[in-house]
Amino acid sequence: MAKVNEKAYDAVVIGAGNGGLVAAVRILQAGFSCLLLEKHNLPGGFATSFKRGRFEFEASLHELNDFGSPQEPGDIRVLFRELGVEDKIDWIRIPEAYHMITTDKKYDCVMPFGVKAFTDKMEEYCPGSRKSVTEFFELCEEVRAAQTYSSSVNGNTDSDYMKKTFPNFVKAGSYSVNEVLEALKMPQRARDILNAYWCYLGVDCDRMSFLHYGSMVIRYITRDAWMPKMRSHEISLALDTRIRELGGDIWYQSEAETILTDDDGRIRGVRLTDGKTVLTRHIVADCSPHLVFGKMLEKKSVTERMVRATNSRKFSGRGFTMFLGLNRTAEELGIASHNYFIYDTADTVKQYDLMKKVDTNHVQATVCLNKAYPECSPAGTCMMYFTTMFMSDDWGNVTEEEYFKAKDKVADDMIRVFERETGCKIRDSIEEICVASPTTYARYCGHPEGVIYGYETADWDSLMPRMMMMGEDALMSPGLRFAGGYAMRSSGYSSAYVSGDISGRQTAGDLKKEGHKNEI
């Protein structure tokens with residue numbers, strides 16, 4: 001017989017990933033009771049670390065964008081201040097924006113932070129690009145200002161004010177990255193270099209919304225990038241501590257199995273895999289709608305609209321990561337940069353297509369954390385992690401018998417490509433190696449097909465339509481909201497934190513409107 005928990009909660013958050021952790025803090029800060037459920041024995045989801053031998057590897061974070069310095073904070077640092085966790089974490093600044101290498105055009109470009117420095121460097125690589133790059137950043141600043149205004153009024157924007165104050169934002173709203181860069185008459189070489197960040201959003205620049213890409217780039221270049229000294233798990237633990245300080249409850253090794261509803265389809269509780277039932281009227285789910293509507297929500301409350309809305313969406317990149325512990329220093333190996341983007345081609349459309357198949361994908365986003373934080377590994381060593389994505393479920397064609405051979409093949413190719421393109425010979429210095437495939441990610445976090453980027457942000461499902469649809473989406477299942485990589489802000493650390501902030505505050509707003517607590 002199922003056991004009903006003695007305490008009912010104003011809200012329950014399912015999943016202690018980035019979005020779920022922030023949502024729980026926001027609900028508690030508003031004065032409501034909150035329970036956070038997590039099936040793992042640690043918080044963070046992908047935001048964690050793990051040890052192999054004498055190395056502690058970062059599981060997924062390359063850097064936090066829009067963070068900024070203590071004196072000139074970006075939106076994420078400001079959010080962490082409001083959450084009460086900024087001072088619980090030791091931060092380090094990433095030294096450069098990115099180092100892009102392409103096989104086809106032989107680009108080898110190291111780009112700095114700061115608009116002036118970035119523009120100067122671009123002019124050096126591509127003479128005659130200064131005017132168009134300057135105009136690009138001016139447009140990006142307008143995009144950021146418009147988004148800040150929209151957030152300040154909770155999305156209830158005044159159309160006349162928008163047209164008058166942010167005319168270029170309105171004009172650019174329906175255009176892709178490449179369409180805007182072409183309109184700016186940016187030279188092709190400058191476009192190629194500027195588009196290097198595209199893999200962080202997982203959509204080629206013919207289909208990616210300019211508003212999404214421009215918003216990300218301006219936040220990177222003007223606010224620098226930072227990360228915690230003790231890996232992303234330091235953020236997860238700080239948020240865990242903050243939830244407890246605010247009186248919240250966290251149950252680890254407690255997997256939510258069924259979201260319970262009443263006859264009107266409203267949330268009434270959560271049943272765990274151990275049979276325990278927790279009563280609540282509000283849930284924030286830090287997991288995919290495919291999982292929630294396909295397996296968790298009681299069948300009687302699953303509507304055709306939910307099924308159609310979910311199945312119409314397209315999964316984004318499936319993750320593959322290799323972690324290396326090397327018994328020589330980065331300087332000894334000749335590793336020059338913290339963050340490498342190595343592409344087969346500078347053409348993002350062609351590159352996206354190549355990434356659909358395991359055998360044709362040679363892309364990597366590679367980090368050597370020692371270049372930002374030399375003491376992150378034992379003296380005389382360094383650590384690297386290499387990440388790629390598959391833009392289809394081609395990994396699903398790998399048989400059980402061929403699984404380990406397939407992992408070894410992709411990992412070997414990553415090393416081969418890095419050595420070929422950088423000249424750094426790392427293979428003979430490998431002391432520890434660990435490989436995570438899409439199968440690993442699917443098993444670890446329960447993501448369909450091993451997706452690490454949520455739903456693809458292209459066309460009708462890009463960032464701005466998602467933000468505009470938040471109110472309507474919330475009506476689909478009263479009392480249920482989403483946070484994390486599958487939510488309105490899409491994937492990525494900063495976006496996941498912001499999604500938790502939005503969903504947590506909206507849930508608190510719903511509770512305030514109801515005017516009562518714990519009446520289940």
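**A residue in strand β9**

Is M111 buried or exposed? M111 is buried, since its relative accessible area is 0%; buried means under 20% relative accessible area, exposed over 50%, and partly exposed in between, computed with a 1.4 Å probe on protein chains only. The structure is a predicted model, in which local features need pLDDT of at least 70 and side-chain atom pairs count only at pLDDT 80 or more, while totals for chains, interfaces and linings use all residues. Residues are numbered from 1 along each chain as its sequence is written, and side-chain values use heavy atoms, with hydrogens and water left out.

M111 belongs to strand β9; helices (H or I, at least four residues) and strands (E, at least two) are DSSP runs, numbered from the N terminus. Leaving aside neighbours within four places in sequence, M111 is in contact (heavy atoms within 4.5 Å) with E96, A97, Y98, F118, K121, M122, Y125 and I193. The C-alpha atoms of M111 and Y125 are separated by 9.9 Å, and these residues are 14 apart along the chain.

**Nonpolar cores**

A nonpolar core is a set of buried Ala, Val, Leu, Ile, Met, Phe, Trp, Tyr and Cys residues joined through side-chain atoms within 4.5 Å. The largest nonpolar core has 143 residues, of which F80, Y98, F136, Y197, W198 and F341 touch the most other members. Apart from this core lies another, of 28 residues, including L326, L333, W395 and A406.

Leaving aside neighbours within four places in sequence, Y197 is in contact with A97, Y98, F113, Y213, M216, V217, Y220, I221 and F341.

**Two loop residues with positive phi**

K106 is not a glycine, yet its phi is positive, at about 60°. This residue lies in the loop between β8 (98-102) and β9 (108-111). K106 counts as exposed because its relative accessibility is 61%.

D224, also not a glycine, has a positive phi of about 65°. Its place is the loop between α9 (210-223) and β10 (225-228). D224 counts as buried because its relative accessibility is 16%.

**An open sheet**

An open sheet is formed by 4 strands in the order β1-β14-β13-β12, with mixed pairing. Each of β1 (3-4) and β12 (256-261) stands at an edge with a single partner strand, so one side of each is left without a neighbour in the sheet. Two strands pair if DSSP finds at least two bridges between them. β1 and β14 (residues 276-279) pair in the parallel sense over 2 bridges, and the bridge partner of K3 in β14 is K276.

**Pockets and cavities**

On a 1 Å grid over the protein atoms alone, a cavity is a set of points where a 1.4 Å probe fits but cannot get out, and a pocket is an open set with protein on both sides within 12 Å along at least five of seven lines; lining residues have an atom within 4 Å of a point. The second largest pocket is lined by 26 residues, and R313, R466, M469, D473 and M476 lie nearest its centre. Among the elements that each supply at least two residues of this lining are α11 (289-296) and α19 (493-514).

The count comes to 2 cavities of 30 Å³ or more; a volume is the space filled by probe spheres set on the points, which are joined across faces, edges and corners. The second largest cavity has a volume of about 40 Å³. Its lining consists of M100, D192, N195, A196, W198, Y343, T345, A346 and T348.
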